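Hi everyone, thanks for coming.

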Amino acid sequence: MARAFQWLMPHPLLTLILTIVWTLLQNDISAGMIVFGLILGIVIPWGTSIWWPDRPMGFHPGRMVIYSIIVLWDIIVANLEVAWIVLTVPNAKLKPAWIMVPLDLRLPEAITLLAGTITLTPGTVSADLSDEGHSLLVHVLHTDDPDAVRDEIKERYENRLERIFS
Amino acid sequence: MTVETIGTYAVAIFLLIGSAFVMIGVIGLLKFNDPMTRLHAPTKVGTIGIGMLLMASMAHSFILGEPSIHELLIMAFLFVTAPISANFIAKVNIHHGVSEAPPAPPRDGMWATLNSPDNDQNVEDTKQV
């Protein structure tokens, strides 16, 4: 039974997301649309699962929700900070810096999420990954202490991501 | 004060906040000198600016009595795709050497974008374009 379920729905979360996206696209919450969304949500992951081998096995959706809320809050706060920097700090006093974040994460999916989070929170852009994936190159708009930014990324986001994918 | 009046004010406030943030993004784009710092202003401030404009659109549709939730989807797609374009622009900047060059990575050989196969390495040809 469990194996049949595994075969039919290789990515249960993807099924859920596709159903929600389809329903939102229709802009109309009705039983027919949800059922059609479910059909799409089952057929698409089933048909594409061979192109996604080695998917992460452990995933905690609850922790992911908490993480998303934290990131959304950080985006709002950091937006205000960047707006303030843009309006008040003159070009001559701006201190941009490259920082390197050593990565403890090994899963490509987790590293992608971390890089996306860093880019979405204003003031930092993730620019590149080292060729063997051990560190992430991040550009900071304005900072007095690059090491503090690196430590904050590591403890605020990376630790949480590690617990999401465990 | 009817619900409609309150709603209209809410829409107006969302629109004002949204356009203020978009404008700050544009100011940043014009003001900064260096392509890497210039990347920060529009890509970031844009997320909340456009988020607020979409909130206004949603609030407006709810007042009119034709609830629309498309905007949530637009926001989600925007949040997923924004980092990718920023990442591409950052990589192009590294290749063109327009900003200060990044330091070498501590543990590995080099940054992935610079580690191209040999016959792809004369980027000088593309630089001129």
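**Starting from the core**

Let's begin in the middle of things: the largest nonpolar core has 40 residues, and A:Leu114, A:Val138 and B:Ala90 touch the most other members. Helix 2 (residues 35-63) of chain B gives the most to this core, with nine residues. A nonpolar core here is a set of buried Ala, Val, Leu, Ile, Met, Phe, Trp, Tyr and Cys residues joined through C-beta atoms within 7 Å. Buried, in turn, is for a residue with 20 or more other C-beta atoms within 10 Å of its own, exposed is for 12 or fewer, and partly exposed is in between, with C-beta atoms placed from the backbone. When I say helix or strand, I'm talking about DSSP runs numbered from the N terminus: H or I with at least four residues for helices, E with at least two for strands.

Before we go on, some housekeeping. This is a predicted model, where local features need pLDDT of at least 70, side-chain atom pairs count only at pLDDT 80 or more, and totals for chains, interfaces and linings use all residues. Residues are numbered from 1 along each chain as its sequence is written, while chains are lettered from A and ligands numbered from 1 in the order in which they are written.

A:Val138 sits in strand 3 of chain A. Is it buried or exposed? A:Val138 is buried, because 24 other C-beta atoms lie within 10 Å. And which residues does A:Val138 contact, leaving aside its neighbours within four places in sequence? They are A:Ile99, A:Val101, A:Ile118, A:Thr124, A:Val125, A:Ser126 and A:Ala127. Contact means that the C-beta atoms of two residues, placed from the backbone, lie within 7 Å. From A:Val138 to A:Ala115 there are 23 residues along the chain, and their C-alpha atoms are separated by 8.7 Å.

A:Ala115 takes us to helix 5 of chain A. Its buried residues are A:Ala110, A:Leu113, A:Leu114, A:Ala115, A:Gly116, A:Thr117, A:Ile118, A:Thr119 and A:Leu120. The expected span is 1.5 Å times one less than the number of residues.

**Where the two chains meet**

Helix 4 of chain A has 28 residues and reaches 40 Å from its first C-alpha to its last, close to the 40 Å expected at 1.5 Å a residue. Its buried residues are A:Ala78, A:Asn79, A:Val82, A:Ala83 and A:Val86. Here's a handy general point: an α-helix has 3.6 residues a turn, so residues three or four places apart point the same way.

In the loop between helix 4 and strand 1 of chain A you'll find A:Lys93. A:Lys93 counts as exposed because it has 8 C-beta neighbours inside 10 Å.

**Over to chain B**

Chain B has four helices and zero strands, in the pattern α-α-α-α along the sequence. Of its 129 residues, 27% count as buried.

Helix 3 (residues 70-96) of chain B has a bend of about 30 degrees at B:Thr81, and a proline, B:Pro83, follows within four residues. That bend is the angle between axes fitted to the seven residues ending there and the seven starting there. The buried residues of helix 3 of chain B include B:Pro83, B:Ala86 and B:Ala90. Just after helix 3 of chain B, B:Gly97 takes a positive phi of about 65 degrees.
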